[in-house]
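Hi everyone, thanks for making time this morning. I'd like to walk you through some helix packing, so let's bring the structure up on the screen.

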Protein chains: 2
Amino acid sequence: MTTQSPVVQLLLTGNEIMSGDTVDSNSAMIARRLSEIALGVYRKITVGDDPELLKTELRAMADASDVVIINGGLGPTIDDLTAEILAAVAGVPLREHPEAVAHLETWCAARNLQLNAANRKQAMLPEGASIVDNPIGSAVGFAMQLGQCQVICTPGVPSELAAMLDAIVTDLGAQLEQPAERSILRLQTFGLGESTAQQIISDAGGQWPGEVDLGFRAGAPQMEIKLTVENHAALPAQQRCRALLEELFGDHIIGEGDTQLAERVLQLLQQQGSTLTTAESCTGGLIASMLTRVPGSSQCFHAGFVTYSNTIKESVLGVQRGTLEQHGAVSEEVVLEMAEGALQRASADYAIAVSGIAGPDGGSDEKPVGTVWLAWGQQGQLRTRCLHWPVERSLFQTMIAAAGLDMIRRTLLGIDEEPRYFVQRSAR
Amino acid sequence: MTTQSPVVQLLLTGNEIMSGDTVDSNSAMIARRLSEIALGVYRKITVGDDPELLKTELRAMADASDVVIINGGLGPTIDDLTAEILAAVAGVPLREHPEAVAHLETWCAARNLQLNAANRKQAMLPEGASIVDNPIGSAVGFAMQLGQCQVICTPGVPSELAAMLDAIVTDLGAQLEQPAERSILRLQTFGLGESTAQQIISDAGGQWPGEVDLGFRAGAPQMEIKLTVENHAALPAQQRCRALLEELFGDHIIGEGDTQLAERVLQLLQQQGSTLTTAESCTGGLIASMLTRVPGSSQCFHAGFVTYSNTIKESVLGVQRGTLEQHGAVSEEVVLEMAEGALQRASADYAIAVSGIAGPDGGSDEKPVGTVWLAWGQQGQLRTRCLHWPVERSLFQTMIAAAGLDMIRRTLLGIDEEPRYFVQRSAR
């Protein structure tokens, strides 16, 4: 294997990817992880579960690459062909691999499952292959040389692939002796769009240093900003760019690395020894769910209320019937009473309350689909805002749940300034 | 162009896809739309914005295909290379295309924009290309013959691609005179693994008809089983396979097409004019959130309770302190009282209550991480079960939330038989 810019190619298999039933996010995950050791992906090919085509592609790829990563086809079913194809191209038989059998036995035992014939197929690997441990799934990965090329076979289940990539990236980094000078700094933001962010940077004027690569990854609800430099000499420039971004986007930056809003909120609550409760109508439990996904959330989040109907807003949270009748469920008065009711019933320090119209039905001229009232803060210091965020139901719930968490983050940090999305998404 | 099974390939370009900063969902969109006219995608290749590599791939693809769809590289910037590359491979010059200029002028005028040089670049197309209208964006698509192959160039912006695909699919369908005979039947299941399903089918013996393609798509929480046939003559065989699957997996099948568990539960509740409430500890609002993602869920789901701490289980749901002290929060007695409290407070007909140890911490020898008690049903007819599902926190929450919904589905359907996962995941 050469040590100068090795050629890496990806071979992705699966009828469900070719048919469009599944969107392939695995190859993006592999590419992002490889970029940590400064490896780029030169080319990727995707084909269905067609043995002859897979063999032809694998042969041609291996001839032209230093590393080929195959993704998919490691499962227990008959359309999982990867081991068979690699064995055929290498000209070796499939053999039951003792380590893979041991892995399967442990895996099944931990789950009170019987090791069946279909599972056992997953231990049949090309002779000479070494296994790549799968910490969470039944299928082990495996690797072997094909001429000058290293072929690494990985599972199609994204969580299993993610769990396996640590070992693969470390191992490749060591083998390739890649000068590990690349440094990637990732900032997580909420409430900024890609084009707005780009525009703000341009408007700031000044020269963006050529050695710092600026990238955006827009997701829902967060957007990631990525600053990549290729060598140590560029580290000061990377830090200057980071400082510039902090100046420009300041309180829209949630944190570094993979920091999620809910994680950051729980961290701040824990630092202050405070607790949070939720009173959700249109987000329907999503805020609570985002919080409780985070390990250890039980320390600061004890209770959440999903109050969809008016009757329940009254009986569970103590919202006044008169308030509901006079102002309607989607109103400042009602979210305030929801927040107050939740604070009291949960004996919590902070609350988020949300009431809005997620759609597709239920809108009116006065309160169209996408209208939402938020209340947040502490007893006696609750604040409110009406936003209009007219997007598809599920995205609406995601963005509004995140906005609620973001307002608690801002409150906990003592940020008084309004976020940009308050202006952009203001209901008036 | 042949009328028998034409070969379609996709060529995707863009550095942001190769780096993993963007997940490519366009090729899935193209594949799904082509499947409407029974066209499958044979192979796809993805490369960065590298002109020489793009030319090589395009030449090879065009030689081996009836249709090549190129996606990406139509924008106004210098790394948008598609027109240039197609012209080079075809051996023709780039020319300003009058229809494309007219489109740009109209597009800019509607937005009060000045037609600039960068935009004008988008009207420079290979001589002889015909344009594909872009109803929403500035970049037109275009198509031309390369030998026997039709090359169609489409934009990378997903909404623009979507808007353009109607015309492309209609046009291809007419040209190819494809007999639209493919029929795909998808069944959604819960509580079956891929290997178990495969094993059960094998164990059933009998010959699986060769003309019915059997596919599995394992997701969390559901697994999809797909039966594909290529012509009308195979439809009876497809129905026989469906009947076999119903016999083998029966009540593990949730529904057809894209049916989600929460959707199915809400549909059954609505048919019976009943309501459901949730009392969640370890799933932390996820069951409520899964239900409220579904439009119209407010008809049958009015209230949900997230009761993480013991104090809240007492104050909000009326669980007895004595029960908590004697049996612990993760116990049959406590989930029963949680369900009863929720039923009463929400005035609901059915309840799901969950209390368990999601991890990574909080387990003990007696109740290890992954232990969970479920209660479900109507007042006076509540049933309970303890499961042990030791997977990563977020997957645990997903699977347990789905199991709770599944038990309500089974109750509403009057299914008495225990699901397979009760046996496999039973805690002792």
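Let me begin with a definition: angles between axes under 35 degrees count as roughly parallel, over 145 as roughly antiparallel, 65 to 115 as roughly perpendicular, and the rest as oblique. The axes themselves are lines fitted to C-alpha atoms, for helices over the stretch in contact, and angles run from 0 to 180 degrees between N-to-C directions.

Some housekeeping: this is a predicted model, where local features need pLDDT of at least 70, side-chain atom pairs count only at pLDDT 80 or more, and totals for chains, interfaces and linings use all residues. Residues are numbered from 1 along each chain as its sequence is written, while chains are lettered from A and ligands numbered from 1 in the order in which they are written.

Now, chain B. Helix α3(B), residues 51–63, and helix α4(B), residues 82–90, have axes that come within 10 Å and cross at roughly 55°. α3(B) and α4(B) are therefore oblique to each other. On the α3(B) side, the contact (C-beta atoms, placed from the backbone, within 7 Å) uses B:Pro51, B:Leu54, B:Lys55, B:Leu58 and B:Arg59, and on the α4(B) side B:Ile85, B:Ala88 and B:Val89.

Compare the pair α10(B), residues 261–272, and α15(B), residues 393–412: their axes cross at roughly 30° and come within 9 Å. That angle makes α10(B) roughly parallel to α15(B). Among the residues that meet here are B:Leu261, B:Val265 and B:Leu268 from α10(B), with B:Ala402, B:Leu405 and B:Ile408 from α15(B).

Over to chain A, which has 16 helices and 17 strands, taken as DSSP runs (H or I, at least four residues, for helices; E, at least two, for strands) numbered from the N terminus. Of its 428 residues, 46% count as buried, meaning 20 or more other C-beta atoms, placed from the backbone, within 10 Å of a residue's own; 12 or fewer is exposed, and in between is partly exposed.

Let's zoom in on α3(A), residues 51–63. Which of its residues are buried? They are A:Leu54, A:Glu57, A:Leu58, A:Met61 and A:Ala62. The buried residues pack against β1, β2, β3, α4, β7 and β8 of chain A. Turned away from that side, the other face carries the exposed A:Glu52 and A:Asp63.

Definitions and conventions
Contact = placed C-beta atoms within 7 Å.
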